[in-house]
Amino acid sequence: MLKTTRFLTPLFCAVWLTVACAVPSAKRTSAPAAPWQPAPAAPAQPVSPTTDVEEKTDPLELPAQAPQADQSSSAHALKIVRVLLADNQSSAEIKHSGRVYIYTQDLEKKYKVSADGTLTVRFAGNGNVQVGTLKSNQPIIIEPAKDTLLTWNNNVYSGKFFVVPAQHTFLLVEHADLETYLYGVLPYEMSYSWPIEALKAQAVAARTYTLKTLEHVKNKYFDLYSDVRSQMYKGGGKQYPSVKEAVDGTKSQVLTFNDKLFYTYYHGNCGGGTDSVSSWNPHAKSIKPLAGAICEYDSHSKSHSWKQEVPMSKIKSYTQKEGLGGNLKSIKVAHKTHTGRATQLLLQTSKGKKTVACNPFRLAMGLKSCKIKEINIHGNHVRFEGRGYGHGVGMCQDGAAGMARSGKKYTQILKNYYPGSTLTTLQ
Ligand SMILES: [Zn+2]
C-alpha cells in the first residue's frame, strides 16, 4: 500500500506539472515540483523472451521516491514540454532499448517490459488504444526507464510517450524536459556543424521561443508541434556534441524585454537587414527587439541573392483564387519596407488588378523571401530576383554563423539581432 501511495503522489505531480507548471515565466521565483522519473535501481526482473508486455498486479517497481534533483539545475530546466509527434495515427511501432513501464493514466492497469524490443501501438476501436496487450480508452503512457531510449519513425526520444485516443485514431505525444527537447530542436533549425557561438545563440532563441509559446497553449494534450508550426524537432535522444555544448552552455538562459519573454523569431537569411515583425504580421506588436537590425555577416550564403522562376499557371491559379480572372500582365511591388522587403504586391491581369499581401503569395509560390528586387515575365513563367530566405524577422541564422566565424560571442549575436533585449537566467 505504501508503495502505491508513493507511486500515485509523484505521478500526480507529473500530471499537474504539465497543466499548471507548463506556463513559463521569466519572473518565476519558486521552483515547481520536480517531475517524476523512474529511479535506475528497480530490482532486476526476469527478462521476457518476447517483446510482449507482462502484466503486473502489484504496484510496479517504480521509484520509491522522487529523483534527486541536480542541485545545480534550475527549476525551469526541469520543465516538461508536451510535443505532438503525430496525430491521426492508426498504428505505430515503437522500439525501446531497454526497460519500459506502460500504464494507463488512471493507473488502473500497469505493465512492465524488462528487455529491449518493439511495442505495437494501435487504435483498437470504440475509442480505445492498445499498446502491446494493454487496451484502454484513456491515454496509455509508455515510460522509458533511465537510460532506455524510444525510437519511433527513425527518431530517438528519451521522454515519456502518451498514446492519446482520438476519434478513430490516436495522438502520439512526448513529454520531454525542456533542455532535452532543445537537443532535438537545434540540429534541425541550424546545422550542428555550425560555429558554437551561433549554436549557443540559437539555443537561447529556441528556448525563449518555446517558453513564450507555452504561455498560449490551448490544446489539452500537447503544447508544441514537432514541425515548423512550432519548431522542428526530431527527438532529444540523439545528442550531437556541439548541440549539447550549446544547450548546456546556455542552460536556463532566455531573452526578455521589459522583464517578459517575447517571441524570438528567427529565419534563414535576411539579405542584409532584418525587418520589423509588423512587416510580416501586421497584427503583431512591434517591440524594440523585433523592430529590425543591420546584418553585415550573411552574404556568404547562397540564400543571400537568388533567382527563381515560377510557372505562369501557378500564378494564374493564385490570382483566380483571389478573385482576379484573366491573363497576367504584370506583377509589381506595391509597398516595401526600408530594407526593400515587399509587404504588398500589385497583380495586374487582362481583367483587372489587385493588391495582395506578399507573405502568403511568396509561400504559395515557393519564393525564398519577399525581399524582391526584380520581377520579369518571360513567356510562360515569371522570374523573381531577390535576397534572403524566410520572413526576415529576428535573428538571421546565416548572419549569426557569420558573426560567430568572425569571432563574435553568442551574447553579441543576440544583442545584434534582438536589440534592447536582456539575457536573463531563469531561476
Ligand atoms: Zn542577415
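## Helices α4 and α5

The axes of α4 and α5 approach within 8 Å and cross at roughly 55 degrees. Axes here are lines fitted to C-alpha atoms, for helices over the stretch in contact, and angles run from 0 to 180 degrees between N-to-C directions. The two helices are therefore oblique to each other. On this scale, angles under 35 degrees count as roughly parallel, over 145 as roughly antiparallel, 65 to 115 as roughly perpendicular, and the rest as oblique. On α4, the contact is made by I196, L199, K200, Q202 and A203. On α5, it is made by S242, V243, E245, A246 and V247. Contact requires C-beta atoms, placed from the backbone, within 7 Å.

This is a predicted model: local features need pLDDT of at least 70, side-chain atom pairs count only at pLDDT 80 or more, and totals for chains, interfaces and linings use all residues. Residues are numbered from 1 along each chain as its sequence is written. Helices (H or I, at least four residues) and strands (E, at least two) are DSSP runs, numbered from the N terminus.

## Sheet β16-β15-β25

Three strands form an open sheet in the order β16-β15-β25, with antiparallel pairing. β16 (260-261) and β25 (422-425) stand at the edges. Each has a single partner strand, so one side of each lacks a neighbour in the sheet. Strands pair if DSSP finds at least two bridges between them. Strand β15 (residues 253-257) is joined to β25 by 4 bridges. L255 has L423 of β25 as its bridge partner.

Helix α4 (residues 196-213) lies across β15 and β16. It runs at about 65 degrees to β15.

## Helix α10

Y410, I413, L414, N416 and Y417 are the buried residues of helix α10 (residues 410-417). They cover an arc of only 160 degrees around the axis, which puts them on the same side of α10. The arc is that of the directions from the helix axis to the C-beta atoms. Buried means 20 or more other C-beta atoms within 10 Å of the residue's own; exposed means 12 or fewer, and partly exposed lies in between, with C-beta atoms placed from the backbone.

The cover over these residues includes α4, β15 and β25. It also includes β24 (395-396) and α9 (397-405).

## Sheet β19-β20-β21

A 3-stranded open sheet has the order β19-β20-β21, again with antiparallel pairing. β19 (328-336) and β21 stand at its edges, each with a single partner strand, so one side of each is left without a neighbour in the sheet. Neighbouring strands are turned by 20 degrees against each other on average, direction ignored.

β19 and β20 pair over 7 bridges. S330 stands opposite Q348 in β20. Helix α7 packs on this sheet and touches β19 and β20. Its direction makes about 70 degrees with that of β19.

## Helix α8

In helix α8 (residues 358-365), C358, N359, F361 and R362 are buried. Their arc around the axis is only 165 degrees, which puts them on the same side of α8. The face turned away from the buried side carries the exposed residues P360 and L363.

Elements covering the buried residues include α6 (277-280), α7 (312-321), β20 (342-349) and β21 (352-357). G366 follows α8 and has a positive phi, near 80 degrees.

Most residues other than glycine have a negative phi. N154 has a positive phi of about 70 degrees, although it is not a glycine. N154 sits in the loop between β10 (150-152) and β11 (155-157). With 8 C-beta neighbours inside 10 Å, N154 counts as exposed.

S252 is not a glycine either, and its phi is positive, near 70 degrees. S252 lies in the loop between α5 (241-248) and β15. It is partly exposed, with 16 other C-beta atoms within 10 Å.

## A166 and P139

A166 belongs to strand β12 (residues 160-166). It is partly exposed, with 14 other C-beta atoms within 10 Å. A166 and P139 are 27 residues apart along the chain, and their C-alpha atoms are separated by 9.6 Å.

Notes. Two residues are in contact if their C-beta atoms, placed from the backbone, lie within 7 Å.
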